[in-house]
Amino acid sequence: MALTTLDPITALIVVDLQRGIVGSPFVDSIGDVVGRCCTLAAAFRRHRLPVVLVNVDGGAPGRTERPRAGGPFPDGWTALIPELDQQPGDIAVTKRTWGAFASTDLESRLRSRGVTQVVIAGVATGTGVESTARQAYEAGFNVTLATDAMTDSRSEAHDYSIANIFPRLGESGSTQAIIELLSTRSAQA
């Protein structure tokens with residue numbers, strides 16, 4: 001579904017742009033994705049809307065067919081990248097699952113600020129971003145996905161999420177379209 005509107009109190013959620021992940025190989029230029037996420041964060045801050053910066057530190061405890069890498073993460077692996085320019089008013093969330101809602105207090109923190117919609121960006125499209133979008137949708141938030149501000153290490157996962165999953169969870173749009181709607185939303189708010 002094409003992007004149509006943003007609610008008066010919409011939050012930006014940037015998923016897993018952290019030192020240990022951004023150096024991984026991705027389908028799209030991670031520099032471009034980081035730049036668009038930073039542009040979105042700056043725009044949300046200008047409009048005095050919540051910015052959520054999510055990092056991952058661990059994983060869910062269940063058994064899987066594909067073993068996860070064991071051992072502790074190297075020093076600095078979980079640190080958010082400095083380009084995000086984390087501000088004191090930003091909401092910082094450390095997750096231990098793919099999605100940002102399941103193992104955190106993110107939902108209650110957003111609800112306490114009156115948030116009814118979330119814009120989601122970051123990495124990886126088919127895991128962290130998609131899981132966060134699913135959880136936000138299931139929690140009753142309106143969901144918007146900034147499709148040019150995300151990427152994945154696997155093109156088939158990225159493409160499948162965008163074409164088949166995201167239209168069932170919310171609306172999708174470009175960074176520029178979201179920023180334009182922020183200005184319109186602010187003029188009406």
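A kink of about 40° is found in helix α5, centred on S161, where the bend at a residue is the angle between axes fitted to the seven residues ending there and the seven starting there. The model is a predicted one, with local features needing pLDDT of at least 70, side-chain atom pairs counted only at pLDDT 80 or more, and totals for chains, interfaces and linings using all residues. Residues are numbered from 1 along each chain as its sequence is written, and side-chain values use heavy atoms, leaving out hydrogens and water.

Helix α5 spans residues 155-169 and reaches 20 Å from its first C-alpha to its last, close to the 21 Å expected (1.5 Å times one less than the number of residues). Helices are DSSP runs of H or I with at least four residues, and strands are runs of E with at least two, numbered from the N terminus.

Helix α2 (residues 30-46) has 17 residues and reaches 24 Å, close to the 24 Å expected. Its buried residues are V33, V34, C37, C38, L40, A41, A43 and F44. Just after α2, R48 adopts a positive phi of about 55°.

Turning to the strands, β2 (residues 51-56) and β3 run parallel and are joined by five bridges; strands pair if DSSP finds at least two bridges between them. V54 stands opposite V93 in β3, and V93 lies on the covered face of that strand with I91 and K95, while A92 and T94 form the uncovered one.

Technical notes: Buried means under 20% relative accessible area, exposed over 50%, partly exposed in between (1.4 Å probe, protein chains only).
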